[in-house]
Amino acid sequence: MSMSRVIKGSLVVLAISIIAPNKPLQTLLAFSILGYLITVSLIPKLMASFMKIGLKGKDLSKPPPVTEIAESMGIVSSVTYLFLMFGLIPFIFFKYLVTFTALSNDSVISDNYTDQYSSLSNNKLFPHNKLSEYLSAVLCLQSTVLLGLFDDLFDIRWRHKFFLPAVASLPLLIVYYVDFSVTSIVVPKFVTDLLPGGDLLLELLNQVIRLGNHLVTKITGLSFSTLPNDYEYSHDQPKLLDLGIFYYVYMSAISIFSPNSINILAGINGLEVGQSIILGIIFLINDFCYLLSPGVPQAAHDSHLFSAIFIIPFIGVSIALFQFNFFPARVFVGDTYCYFSGMVFAIVGILGHFSKTLLIFLLPQIINFVYSVPQIFGLVPCPRHRLPKFNLSDGLMYPSFGQLKKLTPVSKAMLLVLEKFKLIKLTRDEKTNQIVAFSNMTIINLTLVWFGPLREDHLCVLIMTLQLLIGVSMIVVRHTVGPWLFGFDNLTWGVK
Ligand code: UD1
Ligand code: MG
């Protein structure tokens, strides 16, 4: 089923012919096509080498005889992506010159900057200072791939690997501190206007934050707060809460959450990459809302162009991997890919300055994570694999079950509540009527409890479709309910 050489060749020619300086979106599309072609050609060539060094696994949902297939092939996508990101630099940055005399006067600098910036047809390129953010993102992804690779090679324990992405995200947070350092969030209007005591609550929070900031400043000498001139002036500014150091804690939490949440929404062919591609599409639709609507402030436009720069090539290398990982899988993607993909989204959310919107786009992953909490944190047993159970006689997938030896009153109450709301399937001992097993707490199993049994590929497509529908609704919510709730719209006001 491999693509003919003629098609590949014409795609290469097409990609190269549309690369153009000063036309970032077109160039990104070209890089995405090239990324796809490189990955799709490398994977079959490298499968055997991966298996030779032990990177292989058994598909747990196929009829015997099951042969092992290459594991961790997501490395090919991620490394190809990293190289593409280096190659992109000349096409998206321009050298921003400040003359020596200009350095003594702030307003001259900014005039000089504005002149240079706007002279580049509609500000489609970034000045050099943004390059540090870009490179820190690439560095962060590189460390993520490295840590993911360690995990695939040495099978790091869950409680250790859970926090690894936070280490990888350090370059990102540090460059954020140096280059941007905005740590304020907008307080929804109803908190201060409608909620009784809303103002008091805000003041209390401010005091706690001040204390935290003070402590960190004492230890490190660094200060954490947003400067007033980080914002664009406007008559109708919303109320802000400056989270200071806690904003960094929040960003680091996102970089832990995002990769792990993708890694635990897994276990059926195609789903790890499939959900990442859908996420990429959702992010891109949101980016284009800003890139295509007229009158968007420069800052918002730039943030979303930055996001698109990371997402478009990501989709290219991921589609190639999906082709091999979709049912019936010829390769597994490995934890490397899950971490890498989760980190791409964390990065664009953080550096694109929409880390709150990021969370509503990750809603299915968040639901899956919250639903998994009792198992992950040991309230009820968590088997090594929670993927659905393959039934040999009809070839369909059924929910898999976790077995219970003993049951604490808290866990029992929890299981019964979940059962009442049809959020879990329980099996009971026929004689004693005691609960002996429960369907594993992933939304994959839950989908099967509701709509199953299903064929593995149908299950994957169903989950991806639901994810896309949720994502698109969230974009609508973001641009309708969001502005109403927060009392402003960042299409007209925002951070510089
Ligand atoms: C996570 C999940 C685990 C799930 C596993 C599957 C949690 C806490 N952990 O663990 O429940 O079973 O992902 O990826 O939720 N495999 C298949 N078919 C697939 C994909 C994977 O059979 O479509 C099997 C293969 O044997 C493969 C192995 O899963 O080798 C990969 O597991 P790994 O990614 O290492 O598991 P974790 O990420 O630790
Ligand atoms: Mg995994």
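This is a predicted model: local features need pLDDT of at least 70, side-chain atom pairs count only at pLDDT 80 or more; totals for chains, interfaces and linings use all residues.
Two strands count as paired here if DSSP finds at least two bridges between them. Three strands make up an open sheet in the order 9-11-10, and their pairing is antiparallel. Strand 9 (401-403) and strand 10 (426-428) sit at the edges, each pairing on one side only. From one strand to the next, the twist averages 25°. Looking at one pairing in detail, strand 9 meets strand 11 (residues 435-439) through three bridges, again in the antiparallel sense. Gly402 takes part here, with Phe438 in strand 11 as its bridge partner.

Even so, helix 2 has a kink of about 45°, centred on Leu46. Just past the end of helix 2 comes Gly54, whose phi is positive at about 90°.

Next comes the ligand. Ligand 1 is surrounded by 20 residues, and the closest of them are Lys58, Leu60, Glu71, Asn263 and His385. Glu71 also brings a polar side-chain atom to 2.6 Å from an oxygen atom of ligand 1. Asn269 does something along those lines, with a polar side-chain atom 2.9 Å from an oxygen atom of the ligand. For Gly267 it is the backbone that counts: one of its polar backbone atoms is 3.4 Å from a nitrogen atom of ligand 1. On its own, ligand 1 has 730 Å² of accessible area, and the protein covers 92% of that.

A few spots in the backbone are worth a look as well. Most residues other than glycine have a negative phi, and most peptide bonds are trans.

As for peptide bonds, the one from Pro64 to Pro65 is cis, with omega near 0°. Pro65 belongs to the loop between strand 1 (56-57) and strand 2 (69-70). Another cis bond runs from Gly452 to Pro453, where omega is near -5°. Pro453 is in a loop too, between helix 18 (443-451) and helix 19 (456-486).

Methods:
Residues are numbered from 1 along each chain as its sequence is written. Chains are lettered from A and ligands numbered from 1 in the order in which they are written. Side-chain values use heavy atoms; hydrogens and water are left out. Helices (H or I, at least four residues) and strands (E, at least two) are DSSP runs, numbered from the N terminus. Axes are lines fitted to C-alpha atoms, for helices over the stretch in contact, and angles run from 0 to 180 degrees between N-to-C directions. The bend at a residue is the angle between axes fitted to the seven residues ending there and the seven starting there. A residue is near a molecule or strand if one of its heavy atoms lies within 4 Å of it. A polar contact is a pair of N or O atoms within 3.5 Å; within protein, one must be able to donate a hydrogen and the other to accept it, and residues adjacent in sequence count only if both atoms are side-chain atoms. Accessible areas come from the Shrake-Rupley method with a 1.4 Å probe; for residues, only the protein chains shown count as cover.
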